[in-house]
Amino acid sequence: MKKEHKIVHGFSKKSRDEKLTIVTEKNIDAANALAIFKSFHHADSKMQNLLEEFSENTISNFPLPFCICPNMLINNKAYMVPMVIEESSVVAAAANSAKFWFTRGGFKTTIINTEKIGQVHFLWKDDKALLVQKFADLKEKLVKDCFDITENMVKRGGGILNIELRDLSDKEPHLMQLYATFETIDSMGANFINSCLEQFANTFKQWHAAQKEFTKDGLEIIMCILSNYTPNCRVKCYVETSINELDNIVAGMSGKEFARRFRLGVRIAELDPHRATTHNKGIMNGVDAVVLATGNDFRAVEACSHTYAAQSGSYTSLSHVDIDENTFRFTVEIPFALGVVGGLTTLHPLVKLSLELLDNPSATELMSIAAATGLANNFSAVKNLVTVGIQQGHMKMHLLNILKQLKVPESRKQEVIEYFKDKVVSVSAVRNLAERWSLIETTH
Ligand code: MEV
């Protein structure tokens with residue numbers, strides 16, 4: 001099909017059905033494409049409208065599986081953790097790990113801090129020493145002028161924590177910033193922080209204009225925005241057991257041997273950024289699934305965790321192993337800015353339900369739950385990698401998916417699973433067998 005490069009005007013103003021027609025009309029089979037998009041519309045038009053309003057230019061919905069990881073024992077409280085994710089092995093891995101640690105004390109967490117960050121970036125061409133000297137006066141004004149924005153947050157125990165002046169002019173001429181820290185309690189705080197920062201910028205401009213020592217063009221505000229890197233909004237989570245308790249975690253392997261190989265598996269991720277990336281992806285499998293189910297911003301969480309993993313200047317593992325005499329301890333430390341109020345939390349019925357399933361946690365409790373799920377996933381992945389290998393578990397899932405795809409009758413699936421126990425699974429191998437055993441119609 002020859003593509004036309006014509007600009008589309010006013011797309012967002014069209015109705016949903018008009019948008020659908022525009023998008024699908026050039027499709028080879030427009031009627032089919034339209035029917036598929038429409039088949040994912042919610043039967044209840046009120047609900048469909050609500051879902052559409054969460055975003056812009058919505059033409060359909062994109063459902064993902066809503067899964068549960070049972071048996072997550074975190075700080076002595078048992079949770080059924082909601083996970084929204086399309087990778088079945090992730091939920092299976094988290095569930096296995098959760099069950100294993102349930103009888104070994106579960107996951108223990110500590111909140112290191114809950115501080116969020118925002119910055120006003122500006123160019124300063126006036127006397128810098130004078131700005132430093134007068135900063136205490138400016139700071140007082142910045143906080144005071146934000147009163148209307150911060151009043152409610154302060155009542156809830158949060159607000160502006162501090163504002164510092166930072167000088168980056170050795171890297172870029174005249175570049176400086178107001179570096180502000182905030183406590184946003186149970187909200188992620190993006191709107192709150194950005195509103196405060198924009199007010200800071202206005203106050204700063206007015207204050208600068210009113211000082212006779214400064215010049216008309218001495219201050220130029222470049223931008224105001226929160227930072228998604230919140231290293232001091234961080235949770236530490238660990239599991240711990242005696243090494244004997246790890247005996248036979250994989251049939252025939254001693255706890256000591258397992259712990260030795262597991263430590264090496266994690267050590268490789270500490271040393272090598274290629275492995276660290278995949279290792280941390282395994283942690284984020286669990287974290288992101290909880291973050292999505294609870295309506296939080298998984299892009300922010302991802303960006304933050306990877307910056308943190310690179311804080312030493314070399315990208316490394318977010319989790320670590322300590323083996324001490326007869327004790328095995330596996331720890332993850334990870335920063336997140338999560339919210340349990342505002343945003344989607346009261347608007348999206350499934351997000352609301354996720355939070356209810358978790359007993360309406362505070363933001364810090366949710367940080368603990370997400371970190372524990374990440375560690376659960378990480379434990380299962382490294383355990384499999386250093387023992388039976390990753391493909392054994394994955395292939396079982398892969399086989400189940402192929403059986404479903406080929407429409408092998410439920411009553412015959414177990415025979416096929418038995419057959420492939422010691423064989424390599426591929427779509428063609430399963431199809432050939434299914435045809436030979438007349439479980440499906442032949443394709444040739
Ligand atoms: C797959 O989604 C995640 C793993 O690759 C993580 C890891 O290698 O540690 C299994």
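**Note on cavities, pockets and the ligand site**

1. The lining of the second largest cavity comprises five nonpolar, two polar and one charged residues. Nonpolar here stands for Ala, Val, Leu, Ile, Met, Phe, Trp, Tyr, Cys and Pro, charged for Asp, Glu, Lys and Arg, and polar for the others, Gly among them. The model is predicted: local features need pLDDT of at least 70 and side-chain atom pairs pLDDT 80 or more, while totals for chains, interfaces and linings use all residues. Residues are numbered from 1 along each chain as its sequence is written, and side-chain values use heavy atoms, without hydrogens and water.

2. The second largest cavity holds about 40 Å³ of space. Its lining consists of Thr114, Lys116, Ile185, Cys233, Leu338, Ala363, Thr364 and Met367. Strand S3 and helix H12 (363-385) are the elements that give two or more residues to this lining. H12 contributes the most, with three residues. A cavity is a set of 1 Å grid points, over the protein atoms alone, where a 1.4 Å probe fits but cannot get out, and lining residues have an atom within 4 Å of a point.

3. How many cavities of 30 Å³ or more are there? The count is two, with points joined across faces, edges and corners and volume taken as the space filled by probe spheres set on them. The largest cavity has a volume of about 90 Å³. Lining the largest cavity are Lys116, Ile117, Met188, Ile193, Leu226, Ser227, Asn228, Thr230, Ala300, Val301, Cys304 and Ala337. Strand S3 (108-124), strand S6 (219-227) and helix H10 (298-309) each give two or more residues to that lining. Helices (H or I, at least four residues) and strands (E, at least two) are DSSP runs numbered from the N terminus.

4. In the largest cavity, H10 gives the most to the lining, with three residues. By class, that lining has eight nonpolar residues, three polar and one charged. At least three of the lining residues come from domain 1 (66-111 + 234-388), and at least three from domain 2 (116-227). The domain bounds come from an automatic or database assignment.

5. The largest pocket has about 1500 Å³ of space. It is lined by 42 residues, and Phe54, Gly295, Leu344, His348 and Val351 are the closest to its centre. A pocket is an open set of points with protein on both sides within 12 Å along at least five of seven lines. Six helices each supply at least two residues: H3 (45-53), H6 (147-155), H7 (190-210), H9 (273-293), H10 and H11 (349-357).

6. In this largest pocket the lining has 23 nonpolar, 16 polar and three charged residues. Domain 1 and domain 2 each provide at least three residues of the lining of the largest pocket.

7. About 690 Å³ of space lies in the second largest pocket. Of its 27 lining residues, Ser89, Ala93, Asn384, Ile390 and His394 are the closest to the centre. Helix H4 (88-102), H9, H12 and helix H13 (391-405) each give two or more residues to this lining. H12 has the largest share, seven residues.

8. The lining of the second largest pocket divides into nine nonpolar, 13 polar and five charged residues.

9. The ligand is surrounded by Glu87, Arg275, Thr278, His279, Lys281, Gly282, Asn285, Ala381, Leu385 and Ile390, each with a heavy atom within 4 Å of the molecule.

10. In Glu87, a polar side-chain atom lies 2.7 Å from a ligand oxygen. For Arg275, a side-chain N or O atom is 2.8 Å from an oxygen atom of the ligand. Lys281 has a polar side-chain atom 2.7 Å from a ligand oxygen. Taken alone, the ligand exposes 290 Å², and the protein buries 86% of that (accessible area by the Shrake-Rupley method with a 1.4 Å probe).

Notes:
A polar contact is a pair of N or O atoms within 3.5 Å; within protein, one must be able to donate a hydrogen and the other to accept it, and residues adjacent in sequence count only if both atoms are side-chain atoms.
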